[in-house]
Structures are given as structure tokens and as C-alpha cells.
Amino acid sequence: VMWPDVSYAPWDREVSLYASHFLIYAEKSGVRVSDAVKKKVRGFLAKWAVSTNNNESAYALHTLALAGRSDKDQMFRLYDARERLSLLSRARLASAFAEIGDRERAKTLLANALSPASVKEAAFAVFAMLELDPTDARILELVKYLQDRRDRSRYCWGTTGENAHALMAIAEYYR
């Protein structure tokens, strides 16, 4: 168990999806990842891509797309249910569609992306928008949202995950 308080559902899955995302992201950034580890991660992601929990499914689909292993059937299943998805799930799914070159569906998923309810939602919306159109004016508003949510006295956001996602989104924006 990585942290003592995350050995039960749904946090164990969320932490594992989060770790998988960062492992794939690190590999895309040049870090060498063994084939055995990649195979296990892809198997884990494929399992959660078909989850009935839309947040878990969207995160798994996002990360599979980053890994070059898109599950288009599941992506379309979630896309068809887009009216019921949170901004977080829509942004993750939009990134998956952007990865496979389906810009129209990605744009549709991000149509109302300026009202994030969390740091994670804003960070994933930034990722997706940067993939689609780095000049989208909404990106700057979301980056400001992220910066405003930082606890200035502690130099951080609320959690390890919020810190990682916010910093990654802001770094991608400035890159």
C-alpha cells in the first residue's frame, strides 16, 4: 500500500490510475520503462477502461490513449453519455480523443470547460485544450484558476495529486 489511508475502494483505484498516468507521462518524456511494467500497466488500464464508474473509465481511457493504446469502443460509449459526465471526465476523455486525432469530439467535450469545481478538473481541461488549440483563451483563465487555488502560505495545493496535476498543467502551459 502506497499510503495507509488508500487501501480501500475507490481510493486504491484512483491512486493506481494516477500512478499509471504519471508512469506513461514519464515514459513519453524520455524515462525508460521496462516492457514488463508497461504490459502490467496497460492490462490494469484496459480493465478500468470498461468500468461502470465513468470517472475511473475516463481516466483509464485518457492514459491508454497517451500510451498509444486507445480503446475507441469504450471512448465512444462514454462520449455518448457525455451529458452525465463531470468536467473532469469530459476533459480526460477529450484528451483521449485529441490523442487519436478526433478533434471535433474533443472540442464538443470541452464546450463548457470554464467552470471547474476542482484543481484536477482545471488541470485536465488545460491538458486537453493545449492539445487541441494552444491559443484557446480559456486556457489562461484555467491557469489563473489553478494559480488562485494554491495555498500561498504553504506553497502548494491541497493534496499530492492536486500538486502534481496543477504543476504539470501549468508547466505544459508555459512550455
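## Leucine 146 and its neighbours

Let's start with Leucine 146, which touches Val119, Ala122, Ala123, Val126, Trp157, Ala166, Ala169 and Ile170, leaving aside residues up to four places away in sequence. Keep in mind that this is a predicted model.

## The nonpolar core

Leu146 also shows up in the largest nonpolar core, which has 52 residues. Leu146 is one of the residues with the most contacts inside that core, along with Leu93, Phe97, Leu110 and Val126. And which helix gives this core its largest share? That's helix H7 (residues 119-132), with 11 residues.

## How H3 and H5 pack

Now for a pair of helices. H3 packs with helix H5 (residues 87-99) at an angle of about 25 degrees, and their axes are 8 Å apart. An angle under 35 degrees counts as roughly parallel, so that's what H3 and H5 are to each other. The crossing of H3 past H5 is left-handed.

On the H3 side, the residues that meet H5 are Asn54, Asn55, Ala58, Tyr59, Leu61, His62, Ala65 and Leu66. On the H5 side, you'll find Ser89, Arg92, Leu93, Ser95, Ala96 and Glu99.

## A threonine in H3

Helix H3 (residues 54-66) also holds Threonine 63. Is Threonine 63 buried or exposed? Its relative accessible area is 0%, and under 20% counts as buried, so Threonine 63 is buried. Skipping residues up to four places away in sequence, Threonine 63 touches Ser20, His21, Ile24 and Leu45.

Technical notes
Residues are numbered from 1 along each chain as its sequence is written. This is a predicted model: local features need pLDDT of at least 70, side-chain atom pairs count only at pLDDT 80 or more; totals for chains, interfaces and linings use all residues. Side-chain values use heavy atoms; hydrogens and water are left out. Helices (H or I, at least four residues) and strands (E, at least two) are DSSP runs, numbered from the N terminus. Buried means under 20% relative accessible area, exposed over 50%, partly exposed in between (1.4 Å probe, protein chains only). Contact means heavy atoms within 4.5 Å. A nonpolar core is a set of buried Ala, Val, Leu, Ile, Met, Phe, Trp, Tyr and Cys residues joined through side-chain atoms within 4.5 Å. Axes are lines fitted to C-alpha atoms, for helices over the stretch in contact, and angles run from 0 to 180 degrees between N-to-C directions. Angles under 35 degrees count as roughly parallel, over 145 as roughly antiparallel, 65 to 115 as roughly perpendicular and the rest as oblique. A crossing is left-handed if the near helix is turned anticlockwise from the far one by less than a right angle, and right-handed if clockwise.
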